Structure formats: C-alpha cells, structure tokens
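Here's a quick briefing to read with the model open beside you.

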Amino acid sequence: EYFINTQVNFEGCRVLDLGCGVGLLGIYALLNGAKEIHFQDYNREVVSCLTIPNVMLNILKRERSTPEHEVHVLSTDSFRQLKRCKFFSGDWSDFSTLLAEKHYKYDIILTSETIYCVDSQHKLLNVFQKFLKPQGDVFVAAKTHYFGVGGSISFFHDIVSKTALFDYKVAQEYSSNVPRQIIKLTLK
C-alpha cells in the first residue's frame with residue numbers, strides 16, 4: 001500500500017529484500033521494473049520452500065494447456081524476470097561477507113519484521129551501511145513494539161541515532177490493533 005500511494009520508483013534499481021520470508025516486497029519491486037532483486041532470509045528452508053516458489057508463481061505464465069496434460073512454459077518475458085532474481089540464505093554477518101566479495105550495492109533495501117531481535121539490529125544496520133548506494137533508500141516496516149523479545153521502533157531509532165550514519169524518517173504510520181510504522185533511512 002505504501003509503495004503504491006507514494007509511487008516509489010523501482011524502475012532500473014537493484015533491490016535487496018532482506019529477511020524476505022515469502023518475498024512479497026521483492027516480488028512487488030520485480031513486477032514494478034526493478035533491474036535486479038536479491039532475496040535473503042536467515043533460513044535456507046524458507047528460501048527454497050517459500051520464497052523461490054512464490055517468486056515463480058508470481059512470474060510464471062501458463063502458456064498452453066490441454067485437458068489431458070497441463071504444460072507450463074516459461075515465456076521469454078517470465079524467463080527474463082526470473083533471471084533478474086538471486087536468492088541467499090544465512091546470517092546477516094555471513095551475508096555481508098558474501099556481498100562484499102561480490103561488490104554488490106543496492107539502490108533500495110526493503111525489510112519487514114526484522115527489528116524484533118535487539119541483538120540482530122546492529123548486524124542489520126551494518127548491511128544497510130555497507131551495501132546501500134550513497135543516494136539509496138532503506139524501507140523498514142515494523143511493529144512499534146515486539147512483546148517478549150525486546151525489539152521496538154523506539155529502540156531501533158536509538159541505535160540508528162547513535163550510529164549517526166543515517167537520516168531517519170517515519171514515512172508512514174498505521175494505527176490499528178497492532179500499531180506499525182514504515183521507516184525510511186538514507187545515508188547522511
């Protein structure tokens with residue numbers, strides 16, 4: 001909803017969907033013109049059993065079917081979209097090492113529900129700092145408070161402020177049974 005309402009432009013961008021889960025954010029970027037999308041989640045099983053199949057389902061077109069036998073053919077356009085995707089799993093520190101070796105930098109980093117663990121927030125910010133292009137944007141979607149695990153928007157804001165590396169802006173607030181925010185970070 002936020003990307004539609006604010007008309008975030010993914011056209012020609014390299015995008016990272018960090019902590020991707022089923023990959024909804026990256027899929028949205030892919031379907032809206034991103035040049036390259038990297039999907040990353042901690043769990044390899046999530047990437048192989050959820051992310052990749054969901055990406056495939058969203059770009060696959062049923063080209064031809066007969067009553068006796070269904071044949072799914074990847075059209076040229078669908079194949080091009082799939083070639084723009086890369087999939088990764090593992091801890092953010094290991095992922096950072098891999099990104100550094102590949103010299104990847106991102107125009108846009110998208111992440112949702114990744115600040116719940118206080119101990120991981122520094123690793124998350126490290127990925128942002130090292131791999132966001134100078135004019136790039138990070139969008140963090142999160143609940144204002146995570147019960148039982150200690151993470152919160154206010155704690156995340158404090159950590160971001162202490163680094164003094166990012167401009168921090170509340171881009172959107174949602175007040176419902178579970179209050180949420182979308183935070184936009186840019187390098188200073």
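How are α6 and α7 oriented to each other: roughly parallel or oblique? They pack at an angle of about 50 degrees, and since angles under 35 degrees count as roughly parallel and 65 to 115 as roughly perpendicular, α6 and α7 are therefore oblique to each other. Keep in mind that this is a predicted model.

**α6 against α7**
- The axes of α6 and α7 lie 11 Å apart, and the crossing is right-handed.
- On the α6 side, the contact is made by Gln-121, His-122, Leu-124, Leu-125 and Phe-128.
- α7 answers with Phe-155, Phe-156, Ile-159, Val-160 and Thr-163.
- Sorted by class, that contact comes to 7 nonpolar, 3 polar and no charged residues.

**α5 against α6**
- Here the packing angle is about 10 degrees, and the axes are 9 Å apart.
- That angle makes α5 roughly parallel to α6, because the cut-off for this label is under 35 degrees.
- α5 passes α6 in a left-handed crossing.
- From α5, the residues involved are Trp-92, Ser-93, Ser-96, Leu-99 and Ala-100; they meet Lys-123, Leu-124, Asn-126, Val-127 and Phe-131 of α6.
- The class count for this pair is 6 nonpolar, 3 polar and 1 charged residues.

**The nonpolar cores**
- The largest nonpolar core holds 27 residues, and Leu-18, Phe-128, Phe-156 and Leu-185 have the most contacts inside it.
- Elements giving two or more residues to this core are β1 (14-18), α5 (92-102), β6 (106-112), α6 (121-131), β7 (132-143), α7 (153-163) and β9 (180-187).
- Of these, α6 gives the most, with 5 residues.
- Leu-185 is worth a click: leaving aside neighbours within four places in sequence, its contacts include Leu-125, Phe-128, Leu-132, Val-138, Val-140, Phe-156, Val-160 and Phe-166.
- Leu-185 also touches Gly-136, Asp-137, Asp-167 and Tyr-168.
- There's a second, separate core of 20 residues, with Cys-20, Phe-39, Phe-139 and Ile-182 among them.

**A loop position: Asn-9**
- Asn-9 sits in the loop between α1 (2-6) and β1.
- With a relative accessible area of 54%, Asn-9 is exposed, because the label applies over 50%.
- Asn-9 and Val-55 are 46 residues apart along the chain, and their C-alpha atoms are separated by 20 Å.

Methods:
Residues are numbered from 1 along each chain as its sequence is written. This is a predicted model: local features need pLDDT of at least 70, side-chain atom pairs count only at pLDDT 80 or more; totals for chains, interfaces and linings use all residues. Side-chain values use heavy atoms; hydrogens and water are left out. A nonpolar core is a set of buried Ala, Val, Leu, Ile, Met, Phe, Trp, Tyr and Cys residues joined through side-chain atoms within 4.5 Å. Buried means under 20% relative accessible area, exposed over 50%, partly exposed in between (1.4 Å probe, protein chains only). Helices (H or I, at least four residues) and strands (E, at least two) are DSSP runs, numbered from the N terminus. Contact means heavy atoms within 4.5 Å. Axes are lines fitted to C-alpha atoms, for helices over the stretch in contact, and angles run from 0 to 180 degrees between N-to-C directions. Angles under 35 degrees count as roughly parallel, over 145 as roughly antiparallel, 65 to 115 as roughly perpendicular and the rest as oblique. A crossing is left-handed if the near helix is turned anticlockwise from the far one by less than a right angle, and right-handed if clockwise. Ala, Val, Leu, Ile, Met, Phe, Trp, Tyr, Cys and Pro count as nonpolar, Asp, Glu, Lys and Arg as charged, and the others, Gly among them, as polar.
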